[in-house]
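Biologist: Can you walk me through this one? Start with how you decide what counts as buried.
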Amino acid sequence: MNKTFKEAFKVTMPVLLGYLSIGFAFGLMIQSIGLNFIWAGGMSLTIYAGTLQYLAVVMFQGGMSLISVALMSFFVNFRHMVYGLSLIETFKGISFFKKLYMIFALTDETYALLTSSTVPESVKHDKENYYFYISILNQSYWIIGSILGATIGSIININTNGVSFAMIALFCVLCVEQWMNLKDKTPVFIGGICGIISLIIFGADNMMIPAIIGIITLLLLDKKREEKEGILDE
């Protein structure tokens with residue numbers, strides 16, 4: 001096991017614990033509607049979108065149309081477009097196939113690690129593989145958890161009510177960790193304020209898109225303000 005892999009494994013430990021738990025919960029849910037561990041592992045391998053996979057269980061049960069599924073998938077994962085744009089510089093210089101996989105594997109938790117963790121000095125020369133290992137390790141945790149959940153769920157009857165809250169808990173942990181590592185807290189306040197306002201105006205079911213639009217707009221304005229102040233200081 002090389003040093004870069006070891007360092008990536010260390011930083012993904014919180015995700016390991018979280019993804020095994022929420023992947024396990026997803027496996028239980030997919031098994032509860034009559035689909036086995038092959039479906040759980042296959043979806044985690046090819047779709048790999050936690051919230052969407054949970055929603056997929058509801059879609060399967062409700063018999064939603066393909067158009068509805070496509071629209072739901074787009075809106076649920078729209079935020080990933082924003083993630084990708086903010087990582088253009090980070091991914092610059094990374095080989096094509098690794099970059100392609102890392103774009104696919106960009107979950108909330110992986111994004112949090114890529115943007116908040118500092119590459120250790122001992123592996124700075126191998127930054128490309130460090131980021132790649134973080135991405136592939138996180139997905140492997142999710143796949144293992146989902147397969148275990150579906151397998152054990154087929155053997156033992158487990159009540160799955162409320163298990164999806166595990167994903168929210170993991171996101172909160174990573175959010176706190178990122179808050180502690182950030183020098184400039186402005187983006188966090190912008191995100192929080194836009195989220196609360198959108199929730200009040202549009203409600204829980206329709207808040208995501210307005211909140212994202214508001215956050216992007218305010219962050220761009222804040223960046224322009226910083227650039228203008230930098231020019232004036234010079």
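Modeller: Buried means under 20% relative accessible area, and exposed means over 50%. By that cut-off Ser-146, at 0% relative accessibility, counts as buried. Keep in mind that this is a predicted model.

Biologist: Where is Ser-146 found?

Modeller: Ser-146 is in helix 10.

Biologist: And what is Ser-146 in contact with, leaving aside its neighbours within four places in sequence?

Modeller: Gly-23, Phe-24, Phe-26, Gly-27, Ala-40, Gly-41 and Ser-44.

Biologist: Back up a bit. How many helices and strands are there in the protein?

Modeller: The protein has 13 helices and 0 strands. Of its 234 residues, 37% are buried.

Biologist: What share of the contacts between residues at least 6 apart in sequence join residues at least 24 apart?

Modeller: That share is 77%.

Biologist: Now the aromatics. How many aromatic pairs are there?

Modeller: The count comes to 9 aromatic pairs. Take Tyr-19 and Trp-142: the ring centres are 5.4 Å apart and the planes stand at 70°, so this pair is edge-to-face. Tyr-19 belongs to helix 2 (residues 13–32) and Trp-142 to helix 10 (residues 127–155), which puts the partners 123 residues apart.

Biologist: Are Tyr-19 and Trp-142 buried or exposed?

Modeller: Tyr-19 is buried, and Trp-142 is buried as well.

Biologist: What about Phe-26 and Trp-142, what sort of aromatic pair do they form?

Modeller: A stacked one, with 6.3 Å from centre to centre and 20° between the planes. Phe-26 is in helix 2 and Trp-142 in helix 10, so this pair ties together parts that lie 116 residues apart in sequence. Phe-26 and Trp-142 are both buried. Phe-26 also turns up among the contacts of Ser-146.

Biologist: Which residues do ring pairs link into a cluster?

Modeller: Phe-5, Tyr-48, Tyr-101, Phe-104, Phe-132 and Tyr-133. One member, Phe-132, has Lys-98 over its face, at 5.5 Å from the ring centre.

Biologist: Which residues form the nonpolar patch on the surface?

Modeller: The patch consists of Val-176, Trp-179, Met-180, Val-188, Phe-189, Ile-193, Ile-196, Ile-197, Ile-200, Ile-201 and Phe-202, and together they have about 1100 Å² of accessible area. The elements that give two or more residues to this patch are helix 11 (165–181) and helix 12 (186–202).

Biologist: Which element gives the largest share of the nonpolar patch?

Modeller: Helix 12, with 8 residues. Ile-201 is found in that helix.

Biologist: What is the relative accessible area of Ile-201?

Modeller: It is 58%, so Ile-201 counts as exposed. Ser-146, where we began, is buried at 0%.

Conventions: Residues numbered from 1 in each chain as written. Predicted model: local features only at pLDDT ≥ 70, side-chain atom pairs only at ≥ 80, totals over all residues. Heavy atoms only, no water. Phe/Tyr/Trp six-rings, centres within 6.5 Å; stacked < 30°, edge-to-face > 60°. Helix = DSSP H or I, 4+ residues; strand = E, 2+ residues; numbered from the N terminus. Buried < 20%, exposed > 50% of the residue type's maximum accessible area, 1.4 Å probe, protein only. Lys NZ or Arg CZ within 6 Å of the ring centre and 35° of its normal. Patch = residues over 30% accessible without salt bridge, like charges linked within 9 Å, V, L, I, M, F, W, Y side chains within 5 Å. Areas by Shrake-Rupley, 256 points an atom, 1.4 Å probe, with all protein chains shown as cover. Salt bridge = Lys/Arg side-chain N within 4 Å of Asp/Glu carboxyl O. Contact = heavy atoms within 4.5 Å.
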